[in-house]
Amino acid sequence: MTYEQWTTALFSFTTCEETNHVTDRRATLWDVDYPTTRQFISRALRDDLLINSTPKESLALGWSIIFDSGVSDFQFALNEHEFEDECIKSILDLKLLYSNFFDRFCHASVTSIGNDWQHDGTMGYLCYMFWDILDFSFLPSKLTPSMITAGLEVLSFALRSPNENSCVSAIHGLGHWAAESNLASGILKQWLMQTPPTNPVIAEYAQRAITGNVL
């Protein structure tokens, strides 16, 4: 399967209903090994033609399929310990998911937590729920120390985004990681001390996330 065939298959959906039948296309969508998957994901995250020519909803649905363990095994390509260096590069590339997709396509101000889909559709939902969609296989206990460092770097990057939705997504992710990593709690504490958010909804959520209390 070529990169062009892969992206066409994944980013051509227009409604959530269409993705309900995605498992019927398993032979087409999953017929790539993990190294190739990592290459394709990295390329797609940087693909200006994909970003600028694909409808927002189709982009969101495609990324949802890629990272959701309920419908694909693509996410496990990021957690192949025997190819740690490659996986670290792929994890760090998730910064581009924030800067090229979430920052660009999630425009609503955060007035409450967990209602992003009402304003930004599937992209808003994916942004907020991203670290849930990656599933618990991506918690620190499943990663090598270097992978954990890379994951925390991505979360720190998103936390400092000027986009409120990306910031809340990072808080959500760090809240999940806080149960296993004191480093995750420390990142939130330091951020609240150094650059406290002006949005009280975000500030209150970050305080809760320090103890792992996230929605």
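Author: Start with Thr-37, which touches Val-32, Phe-74 and Ala-77, leaving aside residues up to four places away in sequence. This is a predicted model. Thr-37 sits in helix H4, residues 34-46. Its relative accessible area is 0%. The limit for buried is under 20%, so Thr-37 counts as buried.

Now take helix H1, which spans residues 3-10. Which residues of helix H1 are buried? They are Tyr-3, Trp-6, Thr-7, Ala-9 and Leu-10. Look down the helix axis: these buried residues fall within an arc of 160°, so they line one face of H1. An α-helix has 3.6 residues a turn, so residues three or four places apart point the same way.

Trp-6 leads on to the core. The largest nonpolar core has 73 residues. Trp-6 is among those with the most contacts inside it, together with Trp-63, Phe-67, Phe-130, Ile-171 and Trp-177. In general, nonpolar side chains of soluble globular proteins tend to be buried together.

Phe-67 shows what such a residue meets. Its contacts include Ile-41, Gln-75, Leu-78 and Leu-94. Phe-67 also touches Leu-97, Phe-130, Ile-133 and Leu-134. Residues up to four places away in sequence are left out of that list.

Follow Phe-130 next. Its relative accessible area is 0%, so it is buried. Ala-170 is 40 residues from Phe-130 in sequence. In space, their C-alpha atoms are 9.0 Å apart. Ala-170 belongs to helix H11, residues 164-178. With 0% relative accessibility, Ala-170 is buried. Beyond four places in sequence, Ala-170 touches Tyr-98, Leu-155, Ala-158 and Leu-159.

Then the rings. There are 15 aromatic pairs in the structure. One of them joins Phe-102 and Phe-130. Their ring centres are 6.2 Å apart and their planes stand at 65°, so this pair is edge-to-face. Phe-102 lies in helix H8 (residues 94-105) and Phe-130 in helix H9 (residues 117-133), so the pair ties together parts 28 residues apart in sequence. Phe-102 is buried, at 0% relative accessibility.

Trp-131 and Phe-138 make another pair. Their centres are 6.2 Å apart, and their planes meet at 40°, so the pair is tilted. Trp-131 is buried at 6% relative accessibility. Phe-138 is buried too, with a relative accessible area of 2%.

These residues belong to one aromatic cluster. Its members include Phe-102, Phe-130, Trp-131 and Phe-138.

Last, the cysteines. How many disulfides does the structure hold? It holds zero. Cys-16 is in no disulfide, and the nearest cysteine sulfur, that of Cys-106, is 14 Å away. Cys-16 is partly exposed, at 38% relative accessibility. For Cys-127, the nearest cysteine sulfur is that of Cys-106, at 4.4 Å. A disulfide needs its sulfur atoms within 2.5 Å, so Cys-127 is in no disulfide. Cys-127 is buried, with a relative accessible area of 1%.

Definitions and conventions:
Residues are numbered from 1 along each chain as its sequence is written. This is a predicted model: local features need pLDDT of at least 70, side-chain atom pairs count only at pLDDT 80 or more; totals for chains, interfaces and linings use all residues. Side-chain values use heavy atoms; hydrogens and water are left out. Buried means under 20% relative accessible area, exposed over 50%, partly exposed in between (1.4 Å probe, protein chains only). Helices (H or I, at least four residues) and strands (E, at least two) are DSSP runs, numbered from the N terminus. The arc is that of the directions from the helix axis to the C-beta atoms. Contact means heavy atoms within 4.5 Å. A nonpolar core is a set of buried Ala, Val, Leu, Ile, Met, Phe, Trp, Tyr and Cys residues joined through side-chain atoms within 4.5 Å. Rings of Phe, Tyr and Trp (its six-membered ring) pair if their centres lie within 6.5 Å; planes under 30 degrees apart count as stacked, over 60 as edge-to-face and the rest as tilted.
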